[in-house]
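The following paragraphs lead the reader through a structure, taking its pocket, its surface and one of its loops in turn.

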Amino acid sequence: MSLQLIIYVAIVIIEIICSYAGFREGVYVFKPLIMLSLLFWTRDYLKTHPWLWIGMWFGLGGDVFLMFGGQNMFMAGLGSFLVMQVFYIIAFQKTLSSAGKQYLKVNWWKLVIPFALYGFIFLMILHSPITDTPNNQGLWIPVVAYSICLCSMGVAAAFRFKSVSSTSFNWVLVGAVLFILSDSGIALNKFLSPFEASTLFVMSTYAAAQWLIVWGISKK
């Protein structure tokens, strides 16, 4: 295990402990450090993978906004992560090869269907809890837009099949799936039914997702 990974895991664990202990000051320090550490370690990405690196800054912004309560901060966090996903999608698209594009001409639909199906079913589950709750009025369209973008990021990761090494493909795809699961956990906890393990589930899947995507894109 590399020193960077040990430090990263330590940051995530401390953030989760601070959250459950109600130590907000600790969360304010360690939650931003998740993305800040990755940004620091991948400074060279500004030249090699600029779209991903810029997107990571919006991921940091989303983390910061979601540390604070209230619908306005939730919307700001949603918007920041949406922009991050757009940058990630572009970054994934930049890694496509001629052979990969040729494969997609025939098989693209096989890679789209699982994500489209998941997004559709999940939005159907959330529809009534969002639209029938007065406090959630006005959130349905932003949530739909965000979900489409989120699942599109998963599709973009899947589209890298046959364009990159199997290691790079697997890391990024698993990272994208974990990101979808993490955001699904946020939505379930906020709109459907709060659950005690939400922080542990959301933060562990989110941190793993970012690590796999950020490092996976450069794997040979």
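The largest pocket holds about 610 Å³ of space. A pocket here is an open set of points on a 1 Å grid over the protein atoms alone, where a 1.4 Å probe fits, with protein on both sides within 12 Å along at least five of seven lines; its volume is the space filled by probe spheres set on the points. The model is predicted: local features need pLDDT of at least 70 and side-chain atom pairs pLDDT 80 or more, whereas totals for chains, interfaces and linings use all residues. Residues are numbered from 1 along each chain as its sequence is written, and side-chain values use heavy atoms, without hydrogens and water.

Lining the largest pocket are 23 residues (each with an atom within 4 Å of a point), and Lys31, Leu66, Ile186, Asn189 and Val202 lie nearest its centre. Elements giving two or more residues to this lining include helix H1 (3–21), helix H2 (24–41) and helix H9 (198–216).

Ile121 is located in helix H6 and is partly exposed, at 47% relative accessible area (partly exposed lies between buried, under 20%, and exposed, over 50%, with a 1.4 Å probe and protein chains only).

His49 occupies the loop between helix H3 (45–48) and helix H4 (50–66). His49 counts as buried because its relative accessible area is 18%. Beyond its neighbours within four places in sequence, His49 is in contact (heavy atoms within 4.5 Å) with Ile217 and Ser218.

Conventions
Helix = DSSP H or I, 4+ residues; strand = E, 2+ residues; numbered from the N terminus.
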